[in-house]
Amino acid sequence: MLAVACVLVLVVLGVWGARYLQARTTPPGVARAISTQASATPTPRASPAAQPQTPSPSPVAATPSQVPSAPASSPTEATASVLWGLWEPHWQTGSTADFTVYTRVEAELGRRVDLVHWYASWDESWDYDGGLVNQVIRSQRTPMITWEAWNRPLAAIASGQFDGYIDSWAKGMAAYSTHPILLRIFHEFNDPQAGDSGYPWGVGGGNGNRPTDLVAAWRHIHNRLVAAGANNVRFVWCPDGVNLDLQRLQASYPGDGYVDFAGWDTYGYDTAADYQTVSRVTQKPIVLAEIGSTDPAWISDLTSKLRLGTYARIQALVWFDEGSSRLDANPAIRPVVRAMVSVLR
């Protein structure tokens, strides 16, 4: 009997030891950190009238850094770590902003917006855009700004010709030190420069820019912001989802030390191929900064893949509510978009 008892004790200890070892050696889930147009390209807008704003204390907006990575455990369980963003052009009218436009879309989709996206030309002063940042943060959401350097050559940016302007934004953003601000610069730089297409900061050909010019300008902006104490700014590197030439992308990547999020803009493109291509450039977390489609099947497929964790590095989707993908103009896609945002919990 004593021998049998000893054997049973050894078996129990062996099972417990195996489970303990497994628990100690299994890597824990890694929390995602937010160090967080396509064919229809917004045109440059005139600089709105200045609206000086002073930052006021408000609760910290929800950000990807506060959402732990949690892959779905079953095909029916919603993904827990993808944020929902929106570009809704009608919330800005001249020098004023109407946030009820956002709340209306939120009510239609049954999902609160996490990221508020807008476009800011370098002809706009921080006085105006700082007012928008203030309004978004006070609403407990996170700003994402696409900063468009119209008429500012990459070489001139890198050489310091626009440091005064850059520093004014750096100082303004640094004032919100506890609130992340996503800053997307030189977006869709891979679009071809032919006729009226492409951007002046693009490296697709036709304007003389080289990938090294873009990298130098990017790093210069990054370093000016860091020097000003704007450590709350999160840099978003975002090519277009077409023209994803791997060699050009790799040459145009500023380096992981200068980028917080990678991503691409997509309007019904091949998500699997784009995900794979961008992942060969960097393993940074992904923001799809512009997403739109009139194809319910494409939206439903993306929803399914997000639910299953197929695109595990995607942290945020930002719907482009303008042009052909505007929800008001496409009642047929509204239910599938509503279904998509319902899994982004």
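**Figure 1. Start with the whole chain and its surface.** The accessible surface of the chain comes to about 14800 Å², and 57% of that belongs to carbon and sulfur atoms. Keep in mind that this is a predicted model. The chain has 345 residues, and 51% of them count as buried.

Figure 2. Reading across, the strand order is 7-6-5-4-1-10-9-8, and the pairing is parallel. At the edges sit strand 7 (233–236) and strand 8 (262–263), each of which pairs on one side only. Helix 3 (residues 126–138) packs on this sheet, where it touches strand 4 (115–121), strand 5 (142–148) and strand 6 (181–185). The direction of helix 3 makes about 180° with that of strand 4. Helix 6 (residues 211–227) lies across strand 5, strand 6 and strand 7, and runs at about 170° to strand 7.

**Figure 3. Now zoom in on strand 10, residues 314–320.** How many of its seven residues are buried? Seven of the seven are, so strand 10 is largely enclosed by the rest of the structure. Strand 1 (residues 83–87) runs parallel to strand 10 and is joined to it by five bridges. Look for W84, which stands opposite L317 of strand 10. Strand 9 (residues 286–291) is also parallel to strand 10, with four bridges joining the two. Two pairs to pick out here are I286 with its bridge partner I314, and V287 standing opposite A316.

**Figure 4. Follow the chain from strand 9 through helix 9 to strand 10.** Together, strand 9, helix 9 (residues 296–308) and strand 10 make a right-handed β-α-β unit. Helix 9 also has a helical partner: its axis comes within 9 Å of the axis of helix 10 (residues 334–342), and the two cross at roughly 10°. That angle makes helix 9 roughly parallel to helix 10, because angles under 35 degrees count that way. On the helix 9 side, the contact is made by P296, I299, S300, L302 and T303. Helix 10 brings V336, V337, A339 and M340 to the contact.

**Figure 5. Next up is helix 8 and what covers it.** Which residues of helix 8 (residues 271–281) are buried? They are T271, D274, Y275, T277, V278, S279 and V281. The cover over these buried residues includes helix 7, strand 8, strand 9, helix 9 and strand 10.

Figure 6. A251 belongs to helix 7, which spans residues 246–251. Setting aside residues up to four places away in sequence, A251 touches P211 and V215. T212 is 39 residues from A251 in sequence, yet their C-alpha atoms are 7.1 Å apart in space.

Figure 7. You'll find W91 in the loop between strand 1 and strand 2 (92–93). Its relative accessibility is 0%, so W91 counts as buried. What is W91 in contact with, leaving aside neighbours within four places in sequence? Its contacts include T96, A97, D98, F99, V101 and Y102. Further along the chain come V116, H117 and W118, as well as L132, Q135 and V136. W91 and W118 are 27 residues apart in sequence, with a C-alpha to C-alpha distance of 9.5 Å.

Figure 8. Most residues other than glycine have a negative phi. At 66% relative accessibility, N151 counts as exposed. E188 is in the loop between strand 6 and helix 6. Is E188 buried or exposed? With 0% relative accessibility, E188 counts as buried.

Technical notes: Residues are numbered from 1 along each chain as its sequence is written. This is a predicted model: local features need pLDDT of at least 70, side-chain atom pairs count only at pLDDT 80 or more; totals for chains, interfaces and linings use all residues. Side-chain values use heavy atoms; hydrogens and water are left out. Buried means under 20% relative accessible area, exposed over 50%, partly exposed in between (1.4 Å probe, protein chains only). Two strands pair if DSSP finds at least two bridges between them. A crossover is right-handed if, with the strands pointing away from the viewer, the path from the first strand over the helix to the second runs clockwise. Accessible areas come from the Shrake-Rupley method with a 1.4 Å probe; for residues, only the protein chains shown count as cover. Axes are lines fitted to C-alpha atoms, for helices over the stretch in contact, and angles run from 0 to 180 degrees between N-to-C directions. Angles under 35 degrees count as roughly parallel, over 145 as roughly antiparallel, 65 to 115 as roughly perpendicular and the rest as oblique. Contact means heavy atoms within 4.5 Å.
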